[in-house]
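The following report describes selected features of one protein model. Please consult the sequence and the structure shown here while reading.

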Amino acid sequence: MPANHVNVVLVHGAWTDGSSWSKVIGPLKAAGMKVVAPPLPLTSLADDIAALGQALERLDGPVVQAGHAYAGVVIAETRDPKVASPVYSAGLAPEEGETVADIFYRSQPHPKAPETKPDPHGLVWLPEEAFADAFAPKASPGEQAILAAVQRPLSVACISVPVGRPAWNDGPSWVLIAEQDRMINPETHCFQAERMGAHMRTRPVDHTPMVTVPVDVADIILDAARDVAVTP
């Protein structure tokens, strides 16, 4: 099976939407891939898993999922048999029984990481200045402004529930480690990747590789797709 018969599902994390993958979609489409970037409601982990599952139902053939940040948790909870080789772009990867918060707060935060707390509705928003200071410091001012304008809040219910057995325990996974991430400590990235036994790549990038180094992100996704294509 050629790699371009593999579907790619790009899953956004907290405080973003599918448009955060816009620079990656072009290179993947140019390589002949079918690409979708479905929305997550970010209302609870169960809701997000269900929303991703509905998107996967519409696809025929094998699937490579790429998740950014919080979405790493969501793609790992997928049970659709079409899915193989998850890709983590500065993603979070708690083990069974851990919560997202457990792994997110595992290491000392960066000095410029924003302090967050839920609003009266149980939703966590990033202050606008955090997009330039911590979320996407290597992005252009225009890109930072767009990320801030389209941000979607994360419910506390997404990060406080223990996860089930993640898919990366049962097959190959791919990880892009963001060495200059100010939202998730790079030590956490390395710890996760080693625990996963993942194919690792490190880059001197911030928390949003799909925005600031989209070609590198597309390359690792294409490698994962090629691996799926040659697996009997």
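## The largest cavity

The largest cavity is lined by Gly72, Val73, Ala76, Glu77, Tyr88, Leu92, Ala93, Pro94, Val163, Pro166 and Trp168. A cavity is here a set of points, on a 1 Å grid over the protein atoms alone, where a 1.4 Å probe fits but cannot get out; lining residues have an atom within 4 Å of a point. The space in this cavity amounts to about 30 Å³, and the search of the whole structure finds 1 cavity of 30 Å³ or more. Grid points are joined across faces, edges and corners, and the volume is the space filled by probe spheres set on the points.

Helix H3 (residues 71-76) supplies the largest share of this lining, 3 residues. Helices (H or I, at least four residues) and strands (E, at least two) are DSSP runs, numbered from the N terminus. By class, the lining holds 9 nonpolar residues, 1 polar and 1 charged. Ala, Val, Leu, Ile, Met, Phe, Trp, Tyr, Cys and Pro count as nonpolar, Asp, Glu, Lys and Arg as charged, and the others, Gly among them, as polar.

## Basis of the model

This is a predicted model, in which local features need pLDDT of at least 70 and side-chain atom pairs count only at pLDDT 80 or more, while totals for chains, interfaces and linings use all residues. Residues are numbered from 1 along each chain as its sequence is written, and side-chain values use heavy atoms, with hydrogens and water left out.

## Helix H7

Helix H7 spans residues 186-196, and its buried residues are Thr188, His189, Gln192, Ala193 and Met196. Buried means under 20% relative accessible area, exposed over 50%, and partly exposed in between (1.4 Å probe, protein chains only). The arc is that of the directions from the helix axis to the C-beta atoms. An α-helix has 3.6 residues a turn, so residues three or four places apart point the same way. On the other side of H7, the exposed residues are Glu187 and Glu194.

The buried residues of H7 pack against strand S4 (83-89), helix H4 (100-104), strand S7 (174-178) and strand S8 (199-203); contact means heavy atoms within 4.5 Å. At the start of H7, the backbone nitrogen of Glu187 has a side-chain oxygen of Asn185 within 2.8 Å. A polar contact is a pair of N or O atoms within 3.5 Å; within protein, one must be able to donate a hydrogen and the other to accept it, and residues adjacent in sequence count only if both atoms are side-chain atoms. Gly197, which follows H7, has a positive phi near 65°.

Within helix H6 (residues 141-150), the buried residues are Gln144, Leu147 and Ala148. Viewed down the axis of H6, they fall within an arc of 95°, so they line one face of the helix. Ile146 and Ala149 are exposed on the face of H6 turned away from the buried side.

The buried residues of H6 pack against helix H5 (130-135). Ala132 lies in H5 and is partly exposed, with a relative accessible area of 33%. Leaving out residues up to four places away in sequence, Ala132 touches Pro137 and Gln144.

Most residues other than glycine have a negative phi. Trp15 has a positive phi, near 65°, and is found in the loop between strand S1 (7-11) and helix H1 (22-30). With 9% relative accessibility, Trp15 counts as buried.

Ser85 also has a positive phi, about 50°, and its place is in strand S4. Its relative accessibility is 4%, and Ser85 counts as buried.

## Selected buried and exposed positions

His68, in strand S3, has 0% relative accessibility and counts as buried. Residues in contact with His68, beyond four places in sequence, include Trp21, Phe135, His207 and Met210.

Val100, in helix H4, is buried at 3% relative accessibility. Apart from neighbours within four places in sequence, Val100 is in contact with Tyr70, Val73, Leu92, Cys158 and Ile159. The C-alpha atoms of Val100 and Val73 are separated by 7.4 Å, and the two residues are 27 residues apart along the chain.

Asp60 is in the loop between helix H2 (45-57) and strand S3 (63-68). Asp60 is exposed, with a relative accessible area of 70%, and its C-alpha atom is separated by 32 Å from that of Thr202.

Key
On a 1 Å grid over the protein atoms alone, a cavity is a set of points where a 1.4 Å probe fits but cannot get out, and a pocket is an open set with protein on both sides within 12 Å along at least five of seven lines; lining residues have an atom within 4 Å of a point.
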